[in-house]
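Below are some notes on the model you sent.

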Amino acid sequence: MLTVDAVTVGYDPARPVLVDVSAMVAPGQVLAVTGASGAGKTTLLHTVAGLLRPIRGSVTVEGRPVSDRDAAVASGVVLVPQDNGLVPVLTAAENIQVTLVGTGTPAPSAHRRTAEVLDRLGLVGQADQLVEELSGGQRQRVAIARGMALQGTVLLADEVTSELDAGNRQRVLTLLREEAGRGAAVVFATHDPEAAAICDAELHLVDGRVESTRGDVTPARRPG
């Protein structure tokens, strides 16, 4: 269970980017975080990923605090960033394999898992191409493949369908649902209302605050 409890985040405490945001995502659930550009979607995902520390409130995974990036990784939190975060001078396959080996996966298993996820994203033909040679949409799919290969407890996906055509957009949404199906808690930040509509629940942000929710999103508040 991922729980975000009354989180306030900001680089300047006097001007927070997120204010008193709470959310709960169970294993097997897909939560859409929606809102216009600047609403705080990426800030929320970066906070859950341990890249930003809240001024107030807390983030926990199965009751374990996510205090920083190391704690997030130890709790199985995987982030697929909007800017893809790939190494341009490595191939698509190398970007995934290096990450897997770096997290302790034996090389043969890393090679096998890399081939599997590239196939699921329709990228077998691009496995040996340098990332800098790929299109924006292909890079986005490689980043998604890398995130899926890590098989995290929590999968955070930040605007991962923004550069995709209709067919690949649907492919990615189906794969996010499959990630939930294996037991991950999936948080999908998107400005696309059609993509959000197929998620189990929705948290809509306006100027860093929760304006509305759909589904079972907000954790019960503790008394006192």
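1. A salt bridge here is a side-chain nitrogen of Lys or Arg within 4 Å of a carboxyl oxygen of Asp or Glu. By that criterion, the whole structure, which is a predicted model, holds 7 salt bridges.

2. One of these joins arginine 120 to glutamate 178, with 2.6 Å between the closest N and O atoms. The two residues are 58 residues apart and link distant parts of the chain: arginine 120 sits in helix H4 (residues 107-120) and glutamate 178 in helix H6 (residues 166-181). Arginine 120 is partly exposed at 31% relative accessible area, and glutamate 178 is partly exposed at 39%.

3. A salt bridge also forms between the side chains of arginine 169 and glutamate 194, at 3.7 Å from N to O. Arginine 169 belongs to helix H6 and glutamate 194 to helix H7 (residues 193-197), so this pair ties together parts 25 residues apart in sequence. Arginine 169 is buried, with a relative accessible area of 17%, whereas glutamate 194 is exposed at 57%. Arg169 and Glu194 also belong to a network of salt bridges that includes Asp192.

4. Because arginine 214 lies in strand S10 and glutamate 202 in strand S9, the pair ties together parts 12 residues apart in sequence. Arginine 214 is partly exposed, at 30% relative accessible area.

5. The sheet itself is open and has 6 strands in the order S6-S7-S8-S3-S9-S10, with mixed pairing. Strand S6 (77-80) and strand S10 (209-214) are at the edges with a single partner strand each, so one side of each has no neighbour in the sheet. On average, neighbouring strands are turned by 20° against each other, direction ignored.

6. Within the sheet, strand S3 (residues 30-34) pairs with strand S9 (residues 201-206) in the parallel sense, over 4 bridges. Threonine 34 is opposite histidine 204 in S9.

7. Which strands does helix H1 (residues 41-48) lie across? They are S3, S6, strand S7 (154-158), strand S8 (185-189) and S9, and the helix runs at about 155° to S7.

8. Lysine 41, in helix H1, deserves a separate look. Its relative accessibility is 7%, which is under 20%, so lysine 41 counts as buried. The side chain of lysine 41 reaches the backbone oxygen of alanine 36 at 3.2 Å. Leaving aside residues up to four places away in sequence, lysine 41 touches Val33, Thr34, Gly35, Ala36, Glu159, Ala189, Thr190 and Leu205.

How values were computed: Residues are numbered from 1 along each chain as its sequence is written. This is a predicted model: local features need pLDDT of at least 70, side-chain atom pairs count only at pLDDT 80 or more; totals for chains, interfaces and linings use all residues. Side-chain values use heavy atoms; hydrogens and water are left out. Two strands pair if DSSP finds at least two bridges between them. Axes are lines fitted to C-alpha atoms, for helices over the stretch in contact, and angles run from 0 to 180 degrees between N-to-C directions. Contact means heavy atoms within 4.5 Å. Buried means under 20% relative accessible area, exposed over 50%, partly exposed in between (1.4 Å probe, protein chains only). A polar contact is a pair of N or O atoms within 3.5 Å; within protein, one must be able to donate a hydrogen and the other to accept it, and residues adjacent in sequence count only if both atoms are side-chain atoms.
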